[in-house]
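Here are my notes on how two parts of this model meet. Please read them beside the structure.

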Amino acid sequence: MDFTRDERQDAVAEVVVSLLERESARDMELWPTLVESGLLAVALPERFGGDGMGLPEVSVLLTELAVDAVAVPALPTLGFALLALLPVLPDEQAEAICPEIAKGAVLTAALSEPGAPFAATPKTTAVAEGSVVRISGHKVAVPYAEQARWLLIPTDSGIALVEGDAAGLTVTPSPTSGGLPEGSVLLDNVEIPAEQLLPGDLARLHRLAVASIGSVADGLLKGALVLTAEHLRVRRQFGRPLAEFQAVAQQIADLYVVSRTLHAAAVSANWALSLSDADSAHLERVDDDLDVLAYTVASELPAAMQKCHHLHGGLGVDVTHPMHRYYSQAKDIARWLGGASFRLDRLGARCSSI
């Protein structure tokens, strides 16, 4: 298997890197510039002014943004929501939503319920009443819930597309490591048109979310490793660069191994998921790769970031230094996945069932 980026992926990466070289903002101030660049339209159909690209190109976009620990809603909008929506979105909704995404509208997906990360059997209900459907339930750890124009809400009867300002929808902000917007979402008989209860495959939504989180994790560790290696190269102690001390060299070597392992897991899972072949045997292989990726992110990424902090010394915890942005985002995405123990249990159950 050759995971080398193709011309389309290279083009996306070049646009992102060039944009970040010109712009200093790494938070929501960068969002309008991303809109102007056309990057938010890479996965949109060509009839809406997009490029008609898919998961491979979106994964590159997310990875390159994460290399600089950019804190914008690209992950929930593109990785969680848009890629899952496009195959099942009716034309009328597509005509309303897709042009708004190109203009910077935020989407998100509510993947977890209390005590149930990536809830496979949602307790949130969808009750049909004629031409409308009423949604009730409780979702947690929803990124950019307050800022979202639309939310994907998995229910017991399908995936509901809910407007962010719908009556009966309440968002309560919840704290995060990196200060990124996140909230708990309470839905109390939220009314939507029947056509907005989509026959989406919840397993596919979860697969796309895990793959996209893996792409972000890959970029975060790559960026943090570059930052740490440069610090060790220029920082001197006892008249020598820190990188020349054997113990330090061994630790940075360990980080490199973790980074390459995570990269291989992320690229392999995204590649497998992007293939058009969707028979049961292929999906089993995809789920194997995604479970390995999720556990690798949840267990190895926070520990690697902690080691990067350690190698930076006191400088790493200074909020004026960028290292804290990488560590904070890493902790948040590991939590979104449910944590290392949850993912190890999932992986163990898959292994024991073979």
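1. Buried area here is the accessible area (1.4 Å probe) that two parts lose on being put together, summed over both. By that definition, domain 2 and domain 3 bury about 1,400 Å² between them. Carbon and sulfur atoms give 70% of this area. On the domain 2 side, Pro-117, Phe-118 and Ser-177 lose the most area to domain 3, together 43% of what that side buries.

2. The model is predicted: local features need pLDDT of at least 70, side-chain atom pairs count only at pLDDT 80 or more, and totals for chains, interfaces and linings use all residues. Residues are numbered from 1 along each chain as its sequence is written, and side-chain values use heavy atoms, leaving out hydrogens and water.

3. The domains are domain 1 (7-105), domain 2 (108-198) and domain 3 (202-353). Their bounds come from an automatic or database domain assignment. The C-alpha centres of domain 2 and domain 3 lie 28 Å apart.

4. Contact means heavy atoms within 4.5 Å. On this basis, 19 residues of domain 2 touch 16 residues of domain 3.

5. One salt bridge (side-chain nitrogen of Lys or Arg within 4 Å of a carboxyl oxygen of Asp or Glu) is counted between domain 2 and domain 3. Arg-335 forms a salt bridge with Glu-182; the closest N and O atoms are 2.9 Å apart.

6. Overall, the protein has ten helices and ten strands. Both are DSSP runs numbered from the N terminus: helices are H or I, at least four residues, and strands are E, at least two. The C-alpha trace spans about 75 × 50 × 40 Å along its principal axes.
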